[in-house]
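Dear colleague,

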Amino acid sequence: MRRKLQIIFMLVLAVLFMTNLMGCDSVVETDLYEINVQIEGQGRVVVDPDKDYYEELENVTFKAIPDDYFEFKAWKGSFSGSEKEVEIVIEDDIFIKAVFNPTESITGEGTEDDPYTIWYIDGLQKIGSEDYSLDAYYELGRDIDASETKNWNDGKGFYPIGGYEDQDNYIAFTGTLDGQGYEISGLYINRRDERGMGLFSAIENARVKNLSFNSVNIAGL
């Protein structure tokens, strides 16, 4: 009888051990995902909930908030659209870019601490006008597409910054233009009978830096 009880007890232990083992095997591991957000332009993105890792099928809200003088344009990446606030279900890592476009061609105060920031080609053309002096501080806020200048001024294109008649008669740019590593592409000037053709007609004691050009077409004396 004692022998039978021992066998039964051993069988019960074996069953409990196997049950526990099977229970451990049945634990489901949850995949964890990351969210990477990038910004083009000026603005921010609020992610709710905001944490390092997200579980599969978790609901997450993305909200785009533009800075002053900017508007939200679109989402690019793992999802797309133009709604400022989007809710998605996490099924993989998320890589998303929020695109903010400026609402003005030029912003800022023109000082060293708050330079005029140029966002569009017509902002660049404003340098030297009544409100944007030739001795102020300027910077590019992004790459400038100047291809539309081919259609400006009856086909003459962009009007160079400043003015130039000869070595003794010119109006020079004396300020600062920091390209911040950005590029001006497609600039067009067709003024074959005019002097001092280029982005600037003349510069004097000025500082122009961190600026590159691509696909430029300039004709002049």
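A residue is called buried if its relative accessible area is under 20%. Please bear in mind that this is a predicted model. Trp119 has a relative accessible area of 5%, and it is therefore buried. Phe70, with a relative accessible area of 8%, is buried as well.

The chain has 11 aromatic pairs. In one of them, the ring centres of Phe70 and Trp119 lie 4.8 Å apart with the planes at 90°, so this pair is edge-to-face. Phe70 belongs to strand S6 (residues 70–77), while Trp119 sits in the loop between strand S10 (116–118) and helix H2 (121–125); the pair thus links distant parts of the chain, 49 residues apart.

A further pair is formed by Tyr116 and Tyr132, whose ring centres are 4.9 Å apart; their planes meet at 75°, so this pair is also edge-to-face. Tyr116 is in strand S10, and Tyr132 is in the loop between H2 and strand S11 (137–140), 16 residues away. Both tyrosines, Tyr116 and Tyr132, are buried.

On the surface, Phe213, Val216 and Ile218 make up a nonpolar patch with about 230 Å² of accessible area together. Phe213, part of strand S19 (residues 212–214), is partly exposed, at a relative accessible area of 39%.

As for the whole chain, it contains two helices and 20 strands. Of its 221 residues, 35% are buried.

Yours sincerely

Definitions and conventions:
Residues numbered from 1 in each chain as written. Predicted model: local features only at pLDDT ≥ 70, side-chain atom pairs only at ≥ 80, totals over all residues. Heavy atoms only, no water. Patch = residues over 30% accessible without salt bridge, like charges linked within 9 Å, V, L, I, M, F, W, Y side chains within 5 Å. Areas by Shrake-Rupley, 256 points an atom, 1.4 Å probe, with all protein chains shown as cover. Salt bridge = Lys/Arg side-chain N within 4 Å of Asp/Glu carboxyl O. Helix = DSSP H or I, 4+ residues; strand = E, 2+ residues; numbered from the N terminus. Buried < 20%, exposed > 50% of the residue type's maximum accessible area, 1.4 Å probe, protein only. Phe/Tyr/Trp six-rings, centres within 6.5 Å; stacked < 30°, edge-to-face > 60°.
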